[in-house]
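Open the model in your viewer and keep the sequence panel beside it. This tour goes stop by stop: what to select, then what is there.

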Amino acid sequence: MECKVIRDLIPLYKENMLSDETKKLVKEHLKTCSSCRNYYNLLANDTDMEIKNENESLYFLNNTIKKDKKNLVLMIISFLVSIFLIIISYVSKPIPIDYKDNLINIKSDDKNVNIEFNDEVTRIDTDITTYDGYNIYYVDGYTTKTDKKSNNRYVGLKIPKDDVDIIAYTNNGKNTNKILYDPSRVFENGGTVALPRLILGIYVRLALIILGISIILILTFFKKLSVYNKIRIISIPFSYIASTFFVKGKNLSSNYPVRDFIFIILTALAIYLFIYSITLYLKQKSSHKLEI
């Protein structure tokens, strides 16, 4: 049988679509004809390559689908966590209560100074420091959105006399303190005991510097980063700055910086996760955008 005929039959032979007699003829011819045998091997290799390419395409598609699902789940989780943290931060944010005449009732005995608060006060902040050799006990009343709804209240505070020389209420106007207890009459005029701490303002300035450096680095050394990664990097200091003003407002001074810092970090995390979830959504949306 001629090679031309055999080559026409080889594809059918390879697919096992010939009669037994024809298959036998093709098989015998391949044993003796190197040219037709090479042609047969070439077809076999091409088929294997097609199968391999098809498998690779399916593998890539499968990985893409898995990655999309992972990003979608991560996006949803990030969004839900950010919303949860924002709600928690909002409802538990301290609302300071300024001093007024009926806010506090002070009674003292031989051992303790007892401070009672009216129904507005649901929580208190306390701090103790030394001023000119005197132990000064700072106390502030505040409430939260949650406490207002649940009608919680803080009953009272008992302070041992041996541990304190002066008791001051710091929420008494800008940079002033109301002297509640001063048996030694150190502050007979009820003046300022100590200024609020300014550490939160320093942190904001530091975050602004980091934000500026991040922008400069992105515009110079990290131009190849995706726009989504650039946004995520810038969002770290931005989230802290935004959360500070959310918690403290324009006045960044604080008598209780540790408490305020905790709420600032909590809110900053919420803001960052919210921005992160948005970048995930935009990235996933752009990856599936059809080019016309």
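## Stop 1: the open sheet

Select Asn-112: it stands opposite Pro-160 in strand β6. This is a predicted model, so local features need pLDDT of at least 70 and side-chain atom pairs count only at pLDDT 80 or more, while totals for chains, interfaces and linings use all residues. Residues are numbered from 1 along each chain as its sequence is written, and side-chain values use heavy atoms, with hydrogens and water left out.

Now select strand β3, residues 112-117, together with β6. They pair in the antiparallel sense over 5 bridges. Strands here are DSSP runs of E with at least two residues, helices are runs of H or I with at least four, and both are numbered from the N terminus. Two strands pair if DSSP finds at least two bridges between them.

You have an open sheet of 3 strands in the order β2-β3-β6, with antiparallel pairing. Its edge strands are β2 (104-108) and β6 (156-160), each pairing on one side only. Neighbouring strands of this sheet are turned by 20° against each other on average, direction ignored. For that angle, axes are lines fitted to C-alpha atoms (for helices over the stretch in contact), and angles run from 0 to 180 degrees between N-to-C directions.

## Stop 2: strand β7

Select residues 166-169, which form β7. Is each face of this strand covered or open? Both are covered: Ile-166 and Ala-168 on one side, Ile-167 and Tyr-169 on the other, are all buried. Buried means under 20% relative accessible area, exposed over 50%, and partly exposed in between (1.4 Å probe, protein chains only). In a regular strand the side chains alternate between the two faces of the sheet.

Next, show the partners of β7. Strand β5 (residues 134-143) pairs with β7 in the parallel sense over 4 bridges. Tyr-137 has Ile-167 in β7 as its bridge partner. Strand β8 (residues 178-181) pairs with β7 in the antiparallel sense over 3 bridges. Tyr-169 has Lys-178 in β8 as its bridge partner.

## Stop 3: the nonpolar cores

Select Ile-115, Phe-117, Leu-157 and Ile-167. They have the most contacts inside the largest nonpolar core, which has 17 residues. A nonpolar core is a set of buried Ala, Val, Leu, Ile, Met, Phe, Trp, Tyr and Cys residues joined through side-chain atoms within 4.5 Å. β3, β5, β6, β7 and β8 each supply at least two residues of this core. β3 gives the most, with 3 residues.

Centre on Leu-157. Leaving aside neighbours within four places in sequence, its contacts include Val-113, Ile-115, Phe-117, Ile-124, Tyr-137 and Val-139. Contact means heavy atoms within 4.5 Å.

## Stop 4: Thr-144 and Asp-147

Select Thr-144, in the loop between β5 and α4 (145-150). Thr-144 is buried, with a relative accessible area of 2%. A polar atom of its side chain lies 3.1 Å from the backbone nitrogen of Asp-147. Beyond four places in sequence, Thr-144 touches residues including Val-91, Pro-94, Thr-122 and Arg-123.

A salt bridge is a side-chain nitrogen of Lys or Arg within 4 Å of a carboxyl oxygen of Asp or Glu. The pair links distant parts of the chain: Asp-147 is in helix α4 and Arg-123 in strand β4, 24 residues apart. Asp-147 is buried at 2% relative accessible area, whereas Arg-123 is partly exposed at 37%.

## Stop 5: the other salt bridges

How many salt bridges are there by this rule? The count comes to 3.

Select Lys-100 and Glu-120. Their side chains meet in a salt bridge of 2.5 Å, N to O. Lys-100 is partly exposed at 34%, and Glu-120 is partly exposed at 36%.

Finish with Asp-260 and Lys-248, whose side chains meet at 3.4 Å, N to O. Asp-260 is buried at 3%, while Lys-248 is partly exposed at 21%.

Note on methods: A polar contact is a pair of N or O atoms within 3.5 Å; within protein, one must be able to donate a hydrogen and the other to accept it, and residues adjacent in sequence count only if both atoms are side-chain atoms.
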